[in-house]
Amino acid sequence: MLLKGKTAVVTGGSRGIGAAIAVSFAENGADVAVVYAGADERAAETVAKAKAFGVRAAAYKCDVADFALVEETFRRIGEDFGHIDILVNNAGVTRDKLLLQMTEEDFDRVLAVNLKGAFNTCKAVCRQMARAKSGRIINISSVSGLMGNPGQANYAASKAGLIGLTKTLAKEYASRGVTCNAVAPGFVATDMTAALPLTDEQIRAAVPLGRMAKPEEIADAVAFLLQSDYITGQVLCVDGGVAI
């Protein structure tokens, strides 16, 4: 994967999957804009790792659920880097509760970040990509969006919606040379999954391959999708067999 001369934006890029994707892009020659919500030090660490590969990199603090703030942030990224060639929508939050315990705010916030956030960022880049007749959008969904999961009505709905958004944008922009695909991870070793009350035995029972994925393995799937001009509207499961 050679990305020299390309600019990639990764939301939720300060840690976990997003950081692994951002560093992978930098390693392959792309300039990187890391969009993040709150982890200032982690964002700075990701930028430093990216810059170590000799590329340009910068961090932009932005709540992707805020449409106006996304517009302003992406305007700044465009000014700083000149163009945006790749967008990875990785920003996501969870507020897991069974339906009867889930509040309206729990539901709305997860949908606002995970789904509306992707709408906001896609809206910010699609016009430029269409004009350039080139672009790659990759949305990080989840096997929860394919299967559902008890206690995750909000999260599963947001990730299923992200798949619908992916397929729709793929159809809308295919004629302009822009592809849009999704990656659906299962259990990945990140801060988010570290907070789950899961034992190693439970993970082995739930995952046919017997372990969680590494963030870098999700980054590898993103890299694969970037290499093809002829894959669009697809969902690539990287889940160790969970969704079989």
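Start by selecting Cys180 and Cys122: the closest cysteine sulfur to that of Cys180 is the one in Cys122, 5.7 Å away, so it is too far for a bond. A disulfide here means a pair of cysteine sulfur atoms within 2.5 Å. This is a predicted model, where local features need pLDDT of at least 70 and side-chain atom pairs pLDDT 80 or more, while totals for chains, interfaces and linings use all residues. Residues are numbered from 1 along each chain as its sequence is written, and side-chain values use heavy atoms, leaving out hydrogens and water.

Now jump to Cys237. Its sulfur sits 16 Å from the closest cysteine sulfur, in Cys180, again too far for a bond. The disulfide count comes to zero.

Colour by accessibility next. Buried means under 20% relative accessible area, exposed over 50%, and partly exposed in between (1.4 Å probe, protein chains only). Cys180 is buried at 2%, whereas Cys237 is partly exposed at 34%.

Next stop: Asn139, in strand S5 (residues 135-140); helices (H or I, at least four residues) and strands (E, at least two) are DSSP runs, numbered from the N terminus. Asn139 is buried, at 0%. Show its contacts (heavy atoms within 4.5 Å): leaving aside residues up to four places away in sequence, Asn139 touches, among others, Cys122, Cys180, Leu162 and Thr166.

Leu162 and Thr166 lead you to helix H6, as both are among its buried residues. Select residues 153-173 to see H6. The cover over its buried residues includes helix H4 (104-132), S5 and strand S6 (178-185).

Technical notes:
The expected span of a helix is 1.5 Å times one less than its number of residues.
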